[in-house]
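Here is a short report on one protein chain.

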Amino acid sequence: MPAKYSHVKKRPANGPKKKATTTGSNNANGGAKDHGKDHHNHKRLPAHIDRGISNAMTAVSQLERAIARIFLVRFEQDIARLFSTHLYCVSLIHLPTFVMRCITVGGPGWVAHNADCEEIKDFFRSVVSMELRQSGERVATKSVLWSYTALRDFAVSNNVPVCRNRGLHSLRLLPHYDALKAHLDVLEAMPHASFAKPPHLGTLAEGLEALEEACELKYGEKSLLRSTPPPGWDQHWRLKVRLGYERVSQTLWRVAREFDVSGYGNVLREKLTTKWCDCGCSTDHLGEVCEKTVREDEENSGVRSGKQREWDGRGDGVHGWETVEEEDVWDLDLDFTGNESEEEANPGSTVPEMTIAEVMEVRYLRGEKEKELGNAAFRRGDFELAVRHYQAAHAVEPEMPHYQLNIAAAYLKLNNWIEAENACTTALSQHRSIKGYYRRAKARRMIGRTDEAIKDLRAALRIQPSNTEALEEMLSLLPPDRSPPPSPLYPDEAASSSLGGGTSATLHCPTPPDHDHLHLHRPKPAKQLPFSRTKADDRKLKIMPIPVMFEVPEYIPGDPSSTWKSTRAHRVKNVTTKTETFLFPSWEKYSVKHVG
C-alpha cells in the first residue's frame, strides 16, 4: 500500500466490525476516525470559501482571456500595417520593373489597358500569398513586444508594480479589469484589419520617375540602341506609361484586400487562443521574455512620452502611422536561427542547424512536392490518394490556401460534399478566391443548401464578373427570368434579325447577364483613357515565375512527419540529395512573354 494511504485500513468484505476491547485501541480507532474526518473535511471546503476561490479563478481566467484577445487583435492590426508598408515598397521598387517588362512586350499602352486583367491579378495573388505565409515569422515577435510594452505602460500609469526580472504579472491587473475590457471592446469595434496604402508615405513619384527614365533610355530620344522609336512609342508614351503604372498599383491593392489577415500567423494565434493559460502563468512567461528588452530600450533611448511612447507600443492614436515611418520587415533577411536548433530537435545529428529562411524554403519545397504527387494522382483518377497528398502538403505548409482548394476539388470528385465544403471554408478564411467560392457553392448545392450556394456564387462573380462557369451555375439555381428580352443595342440589329441575320448578331454581340435578375452588383465601367486602344494592346501576355533549381535531401513522400534536413545538407556525409526544379513566385524572378 502506498505511503500516502498507509493510515487507512481496508475494511473486510464480509463479517461484522471488530469491537475495540481496550481504551488504547479505542483511542487509536477514534484517532483514525478523526484523522479520516479531517482528511475528508480538507477535501471539501465550506461552501462560502469554495465559492470565493471559484470566483477568484473565474476572474483570473476572464482577465487572462481578455489580455490574450487584446494581443490577438493587435497582432492582426500589426500584420495589416506592416504588410501594407511592404506593399507600398513593392509599388515603389518592384512595380516599375514589372511595368517595364510588360510594355517591352506589349507596347507602352498595354499596361494601362490591361492593368485589371486576370493574368496580372493571378500573378499578384501568387506572390502576395507566398509573402503572407511569412507573416508569423516576421511580425509575431515584434507584435508581442509592442503589445507587452503597451500593457506595461498601462500598468505603470496605474501605479502597478513591475518586477525588474519577471516583468508584469497579470494578477496585479485584476483591479483594472474593467478598463482593460473597455479597451478590448474598442479594439473589437474597429473595422476589421485589412491592407491599405499608408497615408503618410506619400505618392509613387520616385517609382514613376525611375520608370520614365528607363523607358527614355531604351525607347526614347536618349536611346543608344534605336535610331527611331519602335511602333507605338509616339509622343504620348509618357502619359501611357504613367497611367499604366498608376492603374497596376491600384490593382495590387485590390488583390491584397482579397486576403484576410485572420488566416495568417497561426503559430502565435494558436498560442493566444488555445494554449494561453487561465491561471496567470502565460503573462508571467511573457513578462520574463519581454521585460529585459523593454528595459534595455529605456536605458539606451530613455523613457519617451506622448505619441512617441505610444509608437513604442504601437498603441492608441497611431492608426494613421503619422508618428514614425515603419520599416519594411519583409525586406529583412530571415537569417537568424529559431528557438530550437537541429541538434536539440534531433540529438546526435551532424546536420547544421537551419535558419528560419531555410526552414521556410524547405517547407515550401516539400509542400509543392506533395502537391505535384497529388496532381499526378488526380489526373489518374485516384482521388483518395490525391486527397492524402494534398493533406500532407497542407500539414507542411498550412498558410498556403491553394492546398485546401486542391483538397476540395478531390472531395468533389469523391462526392464527399461536407469535406469539400470544409476545405473551401478553410481556404476562404485566408484568401477570398473565385475557386473557393465556386467549389463551395457546388458542394452546398449538392447537400441542399441552395441559398448559401447562391450567396457564394454572387461572391465569386463580384471577384470576376465575366466568369462563365459561375454565371451558368447561378442561372441553373435561380428561377427563370420572365422579363422581356433586352432591346437591341443598335437599330440595325432588328432589321438584320428579320432578314435572317440574327445568328450573326448574337455571336458578335452576346447578351450580357441580367444583373437585376441575378441580384448582382453592376461592375463599374472602366474609366475612359485619353488615348485609343491599339492592336498591340490586345496582345495576350503570359507572366510566369522562372523555375528555380534547389538541391534538396530526399524524404518519404506522403509522410508529413518525415525529417527534412537543411538545404546545406549536401555538405554533410551520408545524406542523399537531388536537384529539384520548382516555381517560386516572387517579385524578382519571373518572365513576361507574348503567347498569341
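## Helix packing

Helix α19 passes α20 in a left-handed crossing. The model is predicted. The axes of α19 (residues 450–463) and α20 (residues 468–477) come within 10 Å. They cross at roughly 150 degrees. Angles over 145 degrees count as roughly antiparallel, and α19 and α20 are therefore roughly antiparallel to each other.

Which residues of α19 and α20 meet? From α19 come Thr450, Ala453, Ile454, Leu457, Arg458 and Leu461. From α20 come Ala470, Leu471, Glu473, Met474 and Leu477. By class, the contact of α19 with α20 has eight nonpolar, one polar and two charged residues.

A second pair is formed by α17 (residues 417–428) and α18 (residues 434–446). Their axes come within 9 Å and cross at roughly 155 degrees. That makes α17 roughly antiparallel to α18. The crossing of α17 past α18 is left-handed.

On the α17 side, the contact is made by Trp417, Ala420, Glu421, Cys424, Thr425 and Leu428. On the α18 side, Gly436, Tyr437, Arg439, Arg440, Ala443, Arg444 and Met446 take part. By class, this contact of α17 with α18 has seven nonpolar, two polar and four charged residues.

The two pairs are set out below.

| Helix pair | Axes come within | Crossing angle |
|---|---|---|
| α17 and α18 | 9 Å | roughly 155 degrees |
| α19 and α20 | 10 Å | roughly 150 degrees |

## The chain as a whole

The chain has 23 helices and four strands. Of its 596 residues, 43% count as buried. Consider contacts with a separation of 6 or more: residues 24 or more positions apart account for 76% of them.

## Nonpolar cores

In soluble globular proteins, nonpolar side chains tend to be buried together. In this model, the largest nonpolar core has 78 residues. Which of them touch the most other members? They are Phe98, Phe124, Leu173, Phe195 and Val248. Helix α2 gives the most to this core, with 16 residues.

A second, separate core has 14 residues. Its members include Val387, Ala408, Tyr411 and Ala420. Ala420 also belongs to the α17 side of the contact with α18.

Leaving aside its neighbours within four places in sequence, Leu173 is in contact with Leu63, Ile67, Leu151, Phe154, Ala155, Val160, Leu168 and Leu180.

## Two single residues

Val73 is found in helix α2 (residues 47–93). Is Val73 buried or exposed? Its relative accessibility is 7%. The cut-off for buried is under 20%, so Val73 counts as buried.

Neighbours of Val73 within four places in sequence are set aside here; beyond them, Val73 is in contact with Leu187 and Glu188. The C-alpha atoms of Val73 and Arg269 are separated by 9.9 Å. Along the chain, Val73 and Arg269 are 196 residues apart.

Ser129 sits in helix α5 (residues 118–132). With a relative accessible area of 8%, Ser129 is buried. What does Ser129 touch, not counting residues up to four places away in sequence? Ser129 touches Phe259, Met400 and Pro401.

Methods:
Residues numbered from 1 in each chain as written. Predicted model: local features only at pLDDT ≥ 70, side-chain atom pairs only at ≥ 80, totals over all residues. Heavy atoms only, no water. Axes fitted to C-alpha atoms, helices over the stretch in contact; angles between N-to-C directions. Helix = DSSP H or I, 4+ residues; strand = E, 2+ residues; numbered from the N terminus. Parallel < 35°, antiparallel > 145°, perpendicular 65-115°, else oblique. Left-handed = near helix turned anticlockwise from the far one by under 90°. Contact = heavy atoms within 4.5 Å. Nonpolar A, V, L, I, M, F, W, Y, C, P; charged D, E, K, R; others polar. Buried < 20%, exposed > 50% of the residue type's maximum accessible area, 1.4 Å probe, protein only. Core = buried A, V, L, I, M, F, W, Y, C linked by side-chain atoms within 4.5 Å.
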